[in-house]
Amino acid sequence: MSGQPDLRGLDLAQLTALVKSLGQPAFRARQIFRQVQKYGARSFSDMTELPFSFRDYLAEIADLSNPEEVQRQVSASGDTAKLLLELADGVRIEMALMLYRRAKARDRATCCVSSQSGCAMGCCFCATGLTKAFRNLTAGEIVAQAQAGERLSRELGFGGLTSIVYMGMGEPLANLEAVHQSIRLINDQEGLDIGARRITVSTAGLVPQIYEMMEWNLQVSLAVSLHSADPEKRRQMMPAAAKYSLAELIEACRAFRARTGRRVTCEYALFHQLNDSLRDAELLANLLTGTDILVNIIPANPVPELGIH
């Protein structure tokens with residue numbers, strides 16, 4: 001993070017302004033955009049549409065996010081993969097890939113990207129919060145993860161990504177500007193061209209930012225990490241998110257649905273003797289009665305460092 005512009009995080013208008021400021025014709029911006037976003041150029045030398053001299057100059061005055069793959073894990077069945085990536089400043093993040101073979105339809109490849117290194121939300125069950133090197137990721141660093149997922153999905157025999165979920169490390173709505181910019185770049189027809197309806201943004205429940213998302217005028221989906229419909233229990237499990245009441249959160253979900261037409265999903269991870277009782281189920285049913293919010297029940301993952309087994 002040198003302070004120089006990261007070409008992977010710039011849209012066409014921003015690139016146009018940059019190349020004009022360098023005394024270059026405007027069409028160079030589209031060439032750069034196509035090379036970086038569509039073809040996933042990983043170095044300035046990969047931008048073969050550009051003259052050698054201009055490539056060398058760009059390398060002096062601009063950056064190009066290109067995380068280094070530190071570790072790769074692929075499941076025995078080959079349907080999931082996880083990459084540990086190191087960013088330019090040494091910060092490490094994770095990106096996951098979920099692959100689905102389908103007999104009578106196109107295979108699916110979903111990339112789960114991180115929006116922060118670590119997380120400041122303080123949820124009692126989340127290992128991401130243990131990460132000490134915490135910062136927001138840039139739009140370019142988020143796009144680079146999706147492009148790494150695209151390459152990996154093809155390497156594993158799939159036809160490229162079909163969807164993106166912002167459900168990796170961090171709280172996406174606490175890094176709203178970079179997340180928005182990365183979605184616009186990933187959605188662009190000259191980029192990865194992932195349809196907005198195939199992009200889902202997850203949040204622990206930052207109500208003001210949900211309303212800001214509505215102003216994007218993008219058909220992205222919203223997933224809310226709920227995990228308890230008991231206000232006190234949710235406050236214990238998710239202290240930062242519980243700043244907003246459940247009533248405020250559900251009202252924001254209703255407003256999002258009405259404004260965008262996109263159905264909202266509530267994520268509910270089950271923890272033994274914490275949020276899995278009959279009373280917990282009744283409270284959840286009462287909270288969501290009268291809405292068409294989907295509920296995704298998730299088996300909790302063990303986190304021994306936090307006492308979750």
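1. Helices (H or I, at least four residues) and strands (E, at least two) are DSSP runs, numbered from the N terminus. The model is predicted, so local features need pLDDT of at least 70 and side-chain atom pairs count only at pLDDT 80 or more, while totals for chains, interfaces and linings use all residues. Residues are numbered from 1 along each chain as its sequence is written.

2. H227 sits in the loop between β9 (221–225) and α7 (231–237). Its phi is positive, about 70°, although H227 is not a glycine. H227 is buried (under 20% relative accessible area, with a 1.4 Å probe and protein chains only), at a relative accessible area of 5%.

3. D193, also not a glycine, has a positive phi of about 60°. Its place is the loop between α5 and β8 (199–203). Most residues other than glycine have a negative phi.

4. G3 belongs to the segment before α1 (12–21). G3 is exposed, with a relative accessible area of 74%. G3 and D63 are separated by 60 residues in sequence, yet their C-alpha atoms are 8.7 Å apart.

5. Lining residues of a pocket have an atom within 4 Å of a point of its grid. For the second largest pocket, D6, S65, T138, G140 and E141 are the closest to the centre of the 23 lining residues. The elements giving two or more residues to this lining are α4 (139–155) and α5 (176–187).

Note on methods:
Side-chain values use heavy atoms; hydrogens and water are left out. Buried means under 20% relative accessible area, exposed over 50%, partly exposed in between (1.4 Å probe, protein chains only). On a 1 Å grid over the protein atoms alone, a cavity is a set of points where a 1.4 Å probe fits but cannot get out, and a pocket is an open set with protein on both sides within 12 Å along at least five of seven lines; lining residues have an atom within 4 Å of a point.
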